[in-house]
Amino acid sequence: MRFMVIVKATPEQDKQAALPDPELLLEMGKYNEELGKAGVLLALDGLQPTSKGARVRFSGGSHTVIDGPFTEAKEIIAGFSILQVKSLEEAIEWVKRAPNCNPDGDSEVEVRQVFEMEDFAPVLTEEQIQHKVAKRAQLPNQTANK
Amino acid sequence: MRFLCISRGAKAEDVTSIPEIEIHQLYEQPAK
């Protein structure tokens, strides 16, 4: 099963818009190498400050675009990885070994199970599921079934 | 440039309700 590990930053860190500390980057690199060697890491990326992003809010048939920075946000997503493991417990064990992204303070990492196509069996036909699986397999960075 | 689009659900247990999508630019590795 796959899990998305969501690393969060504080609004203050986002506002500073600074690159991560080089020492932390090295530590994170070593940790990511461990994940890779263990064969559990499918994807990872870091997110730039929210000043370079936007939100699109939907309401009925209309939408509103809100440019970054996300000043009202209480939590900011700073990065993510996708892990292929056997259980939530295994994902948590890996996350516990990660360096604290806010070495001088608190930080939080969220672990969320990713939907697999077979999870949609109650609402889709087998043919529809296989169609979606085939379409997703064409995506360059698809992490399913690896 | 690559962007991550994150669908934010309105309710913790209802993943079909997506009132907002966040768009984040990703960091790129230096060209080799």
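# Briefing: domains and chain contact in a predicted model

In chain A, six residues of domain 1 are in contact with five residues of domain 2.

- The domain assignment places residues 2-114 of chain A in domain 1 and residues 115-146 in domain 2.
- Taken over C-alpha atoms, the centres of domain 1 and domain 2 of chain A are separated by 25 Å.
- On the side of domain 1 of chain A that touches domain 2, the elements giving two or more residues are strand S2 (41-46) and strand S5 (76-84) of chain A.
- That side of domain 1 of chain A consists of four nonpolar residues, one polar residue and one charged residue.

**The make-up of chain A**

- Chain A has four helices and six strands.
- Read from the N terminus, these elements of chain A follow the order β-α-α-β-β-β-β-α-β-α.
- Along the principal axes, the C-alpha atoms of chain A occupy a box of roughly 50 × 45 × 25 Å.
- Of the 146 residues in chain A, 18% are buried.
- Among the contacts in chain A with a separation of 6 or more, 69% are between residues 24 or more positions apart.

**The contact between chain A and chain B**

- How many residues does each chain bring to the contact? Chain A brings 12 residues and chain B brings 11 residues.
- On the side of chain B that touches chain A, strand S1 (3-8) and strand S2 (20-25) of chain B each supply at least two residues.
- Strand S2 of chain B gives the largest share of that side, with six residues.
- By class, the side of chain B that touches chain A comprises seven nonpolar, two polar and two charged residues.

**Strand pairing across the two chains**

- In which sense do strand S3 of chain A and S2(B) pair, parallel or antiparallel? Strand S3 (residues 54-59) of chain A pairs with S2(B) in the antiparallel sense, over four bridges.
- A:Ala54 has B:Ile23, a residue of S2(B), as its bridge partner.

Definitions and conventions: Residues numbered from 1 in each chain as written. Chains lettered and ligands numbered in written order. Predicted model: local features only at pLDDT ≥ 70, side-chain atom pairs only at ≥ 80, totals over all residues. Buried ≥ 20, exposed ≤ 12 C-beta atoms within 10 Å, placed from the backbone. Contact = placed C-beta atoms within 7 Å. Domains from an automatic or database assignment. Nonpolar A, V, L, I, M, F, W, Y, C, P; charged D, E, K, R; others polar. Pairing = 2+ DSSP bridges.
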